[in-house]
2 protein chains.
Amino acid sequence: MSAASAAPATDPPAIILVGPQLGENIGTAARAMLNCGLTDLRLVAPRDGWPNPQAWAPAVGAHGVLEQARVFPTLTTAVADLRRVYATSARHRDMVKPVLTPRQAAAEIHAKSVQGERSGILFGPERTGLSNDEVVLAHRLVEVPLNPDFSSLNLAQAVLILAYEWWQARPASESPAQPSGVLLATHAELTGFYAHLERALDATGFFKTPELRPSMVRNLRNLFLRADLTEQEVRTLHGVLTALCGRSMDGL
Amino acid sequence: MSAASAAPATDPPAIILVGPQLGENIGTAARAMLNCGLTDLRLVAPRDGWPNPQAWAPAVGAHGVLEQARVFPTLTTAVADLRRVYATSARHRDMVKPVLTPRQAAAEIHAKSVQGERSGILFGPERTGLSNDEVVLAHRLVEVPLNPDFSSLNLAQAVLILAYEWWQARPASESPAQPSGVLLATHAELTGFYAHLERALDATGFFKTPELRPSMVRNLRNLFLRADLTEQEVRTLHGVLTALCGRSMDGL
């Protein structure tokens, strides 16, 4: 194994839905989980039992997450194997627990996972959220910073934000790949194009006032430079110039 | 206006759904927008016309966003007043455009907004995403970093992630408020509790081996210190000790 690939792959957190009401939300949550590399779904006393056929269509390609989901009668049994539990909560709680943003929680989950501590994130029922007795089991509260005038998130949307932040915080997380196999033009290629353009403009009498020519040329060069032209695009622009100038440019 | 409140309130981006198919997704997207302080919803040729009654229930409290939504026949007219357009895209495109993460895009949208440039974010139809002809109108591509084996996001989930990142990147963005009006115990209060505890344990013969007493005491003090006890909690613990020791502790 190369050093480059030895970055710790940290244990994904479990997603624990406490008393979820709608099968559809469970399915959408499963899809959001798999979008972000999470697969450990736990359901505590789902209202309509389990499996719930309503969950399957919204899960789209994440049926595996639903098939492996585990059902627990109580929250205590659902979190028994976890070392660190985060409770998502929209309402302010008068409990003395640290309150983290999803981003802060994601960073902590990764850091603790490297040390061997597996985490779980709790989400309450759609209508009521987690009860105080449920929140008390958690080490941390997680509050999503949202519009204070309209902060109630759909259950699956809340799962997505937590899962998304976990995925973004992976040690291996990178910027999206830029278009590949595309080379910016060299300076010489740009200069060749500028020369072609300026000869063409000189030939057409574009520069009516000779004293202004230098600044106009600079403005044109700047404009094309800002475009970050590729080699192919420079070739295309040469072709454009040639075509526009037509037979009158034969001598250039 | 105080200096503290003078942080620039930047113009929220428009959310532009191109050819959306399901009214339900439009409603869920509207809810996600308002969760994150966005209200400018534009619909380009929605498949089932507009207004679409299917959108209302999933929008929950965000009906105002739906009521103010504007419908355009073409994408070109929908973006006419915008200076900077971002196209969300799951698929790799062979176009020479910068590819940003949602987080990078959010930072740029705020920065440009401070300079007076209003932005819009494009989302394609559920089934196909944006066409190449639509993407070509955008200054930037935005790609959400996701599980490469399962990266297809539901439309409303994609809107949520972009809106969420915009909201998190606000200049005024802050960590959630910690529980207020709660004071950690002073060192003296902790010391008073330790003393009470240790006297109680001495009285019960807890420390059987005198040589081990110092390390056991250290371990106990560490344990309570890690709990970040509040003043009230220290008082409660005194009460607990007193109660547990009952009449036998009368002399303490």
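Figure 1. Salt bridge between R213(B) and D202(B) in a predicted model. The side chains of R213(B) and D202(B) form a salt bridge at 2.8 Å, N to O; the term stands for a side-chain nitrogen of Lys or Arg within 4 Å of a carboxyl oxygen of Asp or Glu. R213(B) belongs to helix α9 (residues 213-226) of chain B and D202(B) to helix α8 (residues 187-204) of chain B, eleven residues apart, and the pair links these distant parts of the chain. Helices (H or I, at least four residues) and strands (E, at least two) are DSSP runs, numbered from the N terminus. R213(B) is partly exposed at 26% relative accessibility, and D202(B) is partly exposed at 39%. Buried means under 20% relative accessible area, exposed over 50%, and partly exposed in between (1.4 Å probe, protein chains only). The model is predicted, so to speak of local features needs pLDDT of at least 70 and side-chain atom pairs count only at pLDDT 80 or more, while totals for chains, interfaces and linings use all residues. Salt bridge between R84(A) and E117(A). The two side chains meet at 2.9 Å, N to O. R84(A) lies in strand β4 of chain A and E117(A) in the loop between α5 and β6 of chain A, so the pair ties together parts 33 residues apart in sequence. R84(A) is buried, at 12% relative accessibility, whereas E117(A) is partly exposed, at 23%.

**Figure 2. Strand β4 of chain A and its partners**. Five of the five residues of β4(A) (residues 84-88) are buried, so the strand is largely enclosed by the rest of the structure. R84(A), Y86(A) and T88(A) point one way, and V85(A) and A87(A) the other way. Strands count as paired if DSSP finds at least two bridges between them. β4(A) pairs in the parallel sense with β6(A) (residues 119-123) over four bridges, where R84(A) has S119(A) as its bridge partner. With β7(A) (residues 140-142), β4(A) pairs in the parallel sense over three bridges, and Y86(A) stands opposite R140(A).

**Figure 3. Contact between chain A and chain B**. In chain A, 50 residues are in contact (heavy atoms within 4.5 Å) with 49 residues of chain B. The count between the two chains is two salt bridges; R103(B) and E165(A) form a salt bridge at 2.8 Å, N to O.

Notes:
Residues are numbered from 1 along each chain as its sequence is written. Chains are lettered from A and ligands numbered from 1 in the order in which they are written. Side-chain values use heavy atoms; hydrogens and water are left out.
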